[in-house]
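Student: I have a new model open and I'd like to learn how to read it. Could you walk me through a few features?

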Amino acid sequence: MKKVLIANRGEIARRIIKTCKRLNIETVAIFSEADKDLPYVKEADYAFLIGPSQVQQSYLKADDIIALAKREKVDAIHPGYGFLSENAEFARKAEAEGITFIGPKPETMEKMGDKIESRITMINANVPVVPGTEEGLATVEDAILAASSIGYPIMLKASAGGGGIGMIRCDDETTLVKHFESIKTRAKSYFGSDVVFLEKFIDSSRHIEVQIFGDKHGNIVHLFERNCSVQRRNQKVIEEAPSPNFPQEAREKLWEAAVNAAKAVDYINAGTVEFIVDHNHQFYFLEMNTRLQVEHPITEAITGFDLVEWQLKVAAGEELPVKDQSSIKSHGHAIEFRIYAEDPKTFFPSPGTIASQSWETEEDIRIDSGYEKGDKVTPFYDPMISKVIIHGENRKLAIESAQKVFSSAKIEGVKTNIPLFQQFLKDESFTSGEYSTSVLGEWMQRQREEVSK
Amino acid sequence: MKNLESSMAGTVFTVNVAVGEEVSAGQVVMVLESMKMEIPIEAETAGKIATINAHEGDFVNEGDVLVTFE
């Protein structure tokens with residue numbers, strides 16, 4: 001592999017370029033008009049304008065990207081995360097042109113992209129799934145019948161959905177009836193399919209996922225778990241590896257289930273198996289993400305591996321750099337903080353120009369940023385501007401370093417959630433490690449009550 | 001005549017009112033999309049819509065006038 005096109009932008013494009021440079025692989029970047037001055041465009045060996053700022057006219061233009069890849073004679077395309085990363089059609093078209101798609105087989109992406117089909121696949125592989133329906137629900141009557149046998153509260157979900165979009169919690173029959181048609185309509189317009197299904201709502205649960213990796217020779221390993229339960233608007237804000245408050249016995253069972261899930265679909269390249277874990281450490285398969293995740297750096301921190309390097313090697317047909325599970329070890333504790341350009345209280349986006357940013361960085365602190373001083377954060381893309389990854393000997397020390405980093409961190413020109421981290425990191429609900437996905441929402445509620453007192 | 005300005009840069013996702021419509025304070029007049037989030041723009045005071053200056057799919061900047069009131 002000598003030349004790779006990166007079908008992405010911002011911090012992830014920059015992060016992929018970094019590994020390619022180290023491995024002497026040439027990089028081709030693509031950029032929209034809004035992104036023409038971003039660091040990743042300058043750092044790539046070649047960079048090409050792909051279209052106007054809107055994603056539909058730039059980063060989602062699969063055919064134009066493949067045509068460019070062909071013209072530039074690249075060996076492979078790295079899709080990053082988001083955009084075309086889980087688009088089986090894109091992967092197929094690239095492969096048809098003789099360009100390697102850095103990711104799993106298109107069939108795997110399709111199978112795991114359909115939530116009902118992935119549930120059935122996992123049931124057959126003896127991986128526990130959330131109790132729910134194994135068929136799409138055609139009518140509201142079917143939904144009511146299924147819901148009463150599962151028991152409320154339930155989650156009504158789009159089968160083609162994911163990433164927290166196209167789902168709603170229903171506490172009783174009235175709310176189910178109220179939302180049934182609108183979720184179907186939304187599912188159709190967002191994901192092109194109006195198939196919906198039901199899952200039991202698991203109360204005070206955590207979101208814990210397992211990084212898995214497979215190669216073309218049948219080797220599959222896991223690289224431990226990540227707890228991603230600190231969320232706002234169903235989107236992750238803080239991730240930790242290993243997961244706090246998770247007994248060794250439960251962890252081992254979770255890893256095993258994830259490896260079984262990967263084996264069930266002959267998984268190739270980097271993937272993540274997401275689970276819901278209840279307060280008794282009982283876990284249920286939620287979905288499988290067939291790409292590199294935003295939060296992969298915490299896994300890199302505890303294992304010492306470069307996951308992008310693993311991806312490139314596997315895509316080139318090599319065996320996994322380490323295929324013996326017992327040789328893969330975890331060291332210390334890592335935490336990632338996603339820095340969003342948004343109001344820390346309302347979570348409303350805050351586009352603008354980064355007037356300055358300063359971090360007191362030390363050893364064991366990694367900052368993956370898509371922007372530098374003077375760069376413009378535009379309203380066209382995700383509000384995440386950078387990620388701060390902290391690695392410590394243990395969780396306590398990692399939190400202490402994080403508190404130190406955030407007490408002096410400063411970004412001017414756009415609002416960010418740095419003030420939120422400054423406060424939240426001191427709160428017992430986080431430091432105790434015994435938290436569920438409602439932790440951030442509940443903490444914010446308490447903050448508001450404090451102010452109004 | 002009062003104006004309702006955009007609180008941020010973004011794309012108009014939906015226009016929820018029509019010219020001549022009486023709206024109440026707090027009513028959602030438009031929904032903008034910015035950074036993958038839908039942001040409702042509410043009328044600050046009650047009034048009758050005189051003009052609508054931004055349409056679905058338009059890109060607006062912070063401070064742009066979205067609608068005017070009679």
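Tutor: Let's start with a pair of residues: B:Gly10 stands opposite B:Val60 in S7(B). Strands here are DSSP runs (E, at least two residues) and helices are too (H or I, at least four), numbered from the N terminus. This is a predicted model, where local features need pLDDT of at least 70 and side-chain atom pairs count only at pLDDT 80 or more, while totals for chains, interfaces and linings use all residues. Residues are numbered from 1 along each chain as its sequence is written, chains are lettered from A and ligands numbered from 1 in the order in which they are written, and side-chain values use heavy atoms, leaving out hydrogens and water.

Student: How do S2(B) and S7(B) pair?

Tutor: Strands of a sheet pair through backbone hydrogen bonds, either parallel or antiparallel. S2(B) and S7(B), residues 59–60, pair in the antiparallel sense over two bridges; two strands count as paired if DSSP finds at least two bridges between them. S2(B) also pairs with S4(B), residues 28–34, antiparallel over four bridges, and there B:Thr14 stands opposite B:Val31.

Student: In what order do the four strands of the open sheet in chain B come?

Tutor: The order is S1-S8-S6-S3, with antiparallel pairing. S1 (3–5) and S3 (22–23) of chain B stand at the edges with a single partner strand each, so one side of each has no neighbour in the sheet. S3(B) pairs with S6(B), residues 47–52, over two bridges, and B:Glu22 has B:Lys48 as its bridge partner.

Student: How many residues do chain B and chain A give to their contact?

Tutor: With contact meaning heavy atoms within 4.5 Å, chain B gives 11 residues and chain A gives 16. Buried area is the accessible area (1.4 Å probe) that two parts lose on being put together, summed over both. For these chains that is about 1,100 Å², 70% of it on carbon and sulfur atoms. The elements giving two or more residues to chain B's side are S2 (10–15) and S5 (37–42) of chain B, and S5(B) has the largest share, three residues.

Student: How many salt bridges are there between chain B and chain A?

Tutor: A salt bridge is a side-chain nitrogen of Lys or Arg within 4 Å of a carboxyl oxygen of Asp or Glu. Between chain B and chain A the count is zero. Between domain 1 and domain 3 of chain A it is seven. A:Glu11 forms a salt bridge with A:Lys387, the closest N and O atoms being 3.0 Å apart.
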